[in-house]
Amino acid sequence: MIQVYSSPDLNDAYAVKDLLEENGMSAHIFNENVSRLPGALFRATPDAWPAVHIADESRFHEAKVLILAFEKSGRSEEAESDAEQPHWICSNCKEENADTFEICWKCGKSR
Ligand SMILES: [Zn+2]
């Protein structure tokens, strides 16, 4: 049993466990219960975070490569969702406005 991943976010730990199991590795989550206690994660040190272990230590590097790809894809998804924030275009000055604005921030024309 060897640790390949840990995260303060239990959902990430589950996602990594699923990813490893999809690739034929036997994965287990330790410290799974930590985040069920309110505020526990804020006090937890990284060694108390939910951690993913794999049974087969010879596949450690293979697991790490998968996890690196997972972490990269997670980040790019976040960047994309920022770019896809709803917005509207002012009919007067063609400026982009956030969806929450009722009037154009630039020229003041109402939506
Ligand atoms: Zn405008």
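**View 1. The buried residues of helix α1 in the predicted model are Ala13, Val16, Lys17 and Leu20.** A residue is buried if 20 or more other C-beta atoms lie within 10 Å of its own, exposed if 12 or fewer, and partly exposed in between, with C-beta atoms placed from the backbone. An α-helix has 3.6 residues a turn, so residues three or four places apart point the same way. Asn11 and Glu22, on the other side of α1, are exposed. Helices (H or I, at least four residues) and strands (E, at least two) are DSSP runs, numbered from the N terminus. This is a predicted model, in which local features need pLDDT of at least 70 and side-chain atom pairs count only at pLDDT 80 or more, while totals for chains, interfaces and linings use all residues. Residues are numbered from 1 along each chain as its sequence is written.

**View 2. Helix α1 (residues 10–22) is shown from end to end.** Its 13 residues should span 18 Å at 1.5 Å a residue, which agrees with the 18 Å between its end C-alpha atoms. The expected span is 1.5 Å times one less than the number of residues.

**View 3. Three strands form an open antiparallel sheet in the order β1-β3-β2.** The edge strands, β1 and β2, each pair on one side only. From one strand to the next the twist averages 35°; axes are lines fitted to C-alpha atoms, for helices over the stretch in contact, and angles run from 0 to 180 degrees between N-to-C directions. Two strands pair if DSSP finds at least two bridges between them. Strand β1 (residues 2–6) is joined to β3 (residues 51–54) by four bridges, and Ser6 has Ala51 as its bridge partner in β3. Four bridges also join β2 (residues 27–30) to β3, where the bridge partner of His28 is His53.

**View 4. The largest nonpolar core has eleven residues.** They are Val4, Tyr5, Ala13, Val16, Leu20, Ala27, Trp49, Ala51, Val52, Ile54 and Ala63. Elements β1, α1 and β3 each give two or more residues to this core. A nonpolar core is a set of buried Ala, Val, Leu, Ile, Met, Phe, Trp, Tyr and Cys residues joined through C-beta atoms within 7 Å. Leaving aside neighbours within four places in sequence, Tyr5 is in contact with Ala13, Val16, Ala51, Val52 and Ile67. Two residues are in contact if their C-beta atoms, placed from the backbone, lie within 7 Å.

**View 5. Asn92 lies in the loop between β4 (87–89) and β5 (96–98).** Asn92 counts as exposed because it has 12 C-beta neighbours inside 10 Å. Residues up to four places away in sequence not counted, Asn92 touches Cys104, Cys107 and Lys109. Between Asn92 and Lys109 the C-alpha to C-alpha distance is 7.0 Å, at 17 residues apart in sequence.

**View 6. The chain has three helices and five strands.** From the N terminus on, its elements run β-α-β-α-β-α-β-β. Of the 111 residues in the chain, 14% are buried.
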